[in-house]
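Please look over the model before reading the points below.

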Amino acid sequence: MPVEELVHLPEVERLSPAVIRILAGNPNKFTLQGTNTYLVGTGPKRLLVDTGQGIPSWKTNLAKTLAEEKATISSAIITHWHGDHVGGISHLLELCPSTKIYKNQLYNHPSINDDDAVPTPSQLDITDNQTFSVQGATLRAVHSPGHTVDHMALVLEEEDAMFTGDNVLGHGTAVFEDLATYLDSLAKMARMFKGRAYPGHGPVLDDGPAKIAEYIRHRQKREDQVVQTLKGQHPGARESAATGTTTSSWTVMELVKVIYQDVPEPLHLPASGGVLQILKKLQREGKVVKVDGGNDEEKWRLVVTARSVL
């Protein structure tokens, strides 16, 4: 969805007595209205969830908000390693030099051109179920790999709410590195709270578990569409000598063009990543195989069993 079509979000907005959202100032088609960072707590010491991308306007808005709240930041919790979440660490430390920076799996991310993404000795690891407390707020860490391997969601116990990071967004669906792991994490997250979801991008979701259930249904629908398309006829279909049935082999983009036929073509390439993840999940489950399509093309087909042709 184009940024200009998204609901407007103020640069700074109080969302509850204990949560203030400060946008990172980096709106685009991937970050939506911009990365959400959250100032959490009610007293003179606060927690910060994520630090944005290092945009000067975020630093200005954070400094102004802290002055108005007569507060400082004791700890910052980073949901995952992506640059639009870690990029403001240096700005944060300029404002609050004593802030402790926490991120799961400190060295478990690719090397990227972002100094703030490279852990320093002062950064601290996060363990699953670890808690962070200030006046008015207790955050409990939930290891939830999927979007990235180091991804952490955070339960705000006083509100029975969750900061979902980039596993669940306020608009649209999330991208992920491994579908099966992602689905397991969504199920885990849904069990751990009953209230709001504060996403890494986009507006607050009033019923977080319902949105997670919607995400899971959406992923199952896409998987069903992949399987149904693989069952269909393809110009290159061939007959299996073992079963007398016809099996079709498809490239990822061929599947995308069928499944996403109502989606503008410029979005087909981004969609191909999700389809490939579905195929890899089905491959691990023994339901599809990858075959050589020639010309360095990978193709996929269903595994034909006696049961599947009865």
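Angles under 35 degrees count as roughly parallel, over 145 as roughly antiparallel, 65 to 115 as roughly perpendicular and the rest as oblique. The model is predicted, so local features need pLDDT of at least 70 and side-chain atom pairs pLDDT 80 or more, while totals for chains, interfaces and linings use all residues. Residues are numbered from 1 along each chain as its sequence is written, and side-chain values use heavy atoms, with hydrogens and water left out. Helices (H or I, at least four residues) and strands (E, at least two) are DSSP runs, numbered from the N terminus.

**α4 and α7**
- Helix α4 (residues 179-190) packs on α7 at about 90°, with the axes 8 Å apart; axes are lines fitted to C-alpha atoms, for helices over the stretch in contact, and angles run from 0 to 180 degrees between N-to-C directions.
- The two helices, α4 and α7, are therefore roughly perpendicular.
- L179, A180 and L183 of α4 make the contact with Q277, I278, K281 and R284 of α7 (contact means heavy atoms within 4.5 Å).
- This contact of α4 with α7 has 4 nonpolar, 1 polar and 2 charged residues; Ala, Val, Leu, Ile, Met, Phe, Trp, Tyr, Cys and Pro count as nonpolar, Asp, Glu, Lys and Arg as charged, and the others, Gly among them, as polar.

**α5 and α7**
- The axes of α5 and α7 come within 10 Å and cross at roughly 75°, which makes α5 roughly perpendicular to α7.
- From α5, R222, E223, V226, V227 and L230 meet V275, I278, L279, K281 and L282 of α7.
- By class, the contact of α5 with α7 has 7 nonpolar, no polar and 3 charged residues.

**α6 and α7**
- Helix α6 (residues 252-259) and helix α7 (residues 268-284) have axes that come within 9 Å and cross at roughly 110°.
- α6 and α7 are therefore roughly perpendicular to each other.
- On the α6 side the contact uses V252, M253, L255, V256 and K257, and on the α7 side H268, L269, A271, S272, V275, L276 and L279.
- The contact of α6 with α7 divides into 9 nonpolar, 2 polar and 1 charged residues.

**Largest pocket**
- 32 residues line the largest pocket, and K29, F30, T173, V175 and P270 lie nearest its centre; a pocket is an open set of points on a 1 Å grid over the protein atoms alone, where a 1.4 Å probe fits, with protein on both sides within 12 Å along at least five of seven lines, and lining residues have an atom within 4 Å of a point.
- α5 (208-231) and α7 are the elements that give two or more residues to this lining.
- The largest share, 5 residues, comes from α7.
- The lining comprises 14 nonpolar, 12 polar and 6 charged residues.
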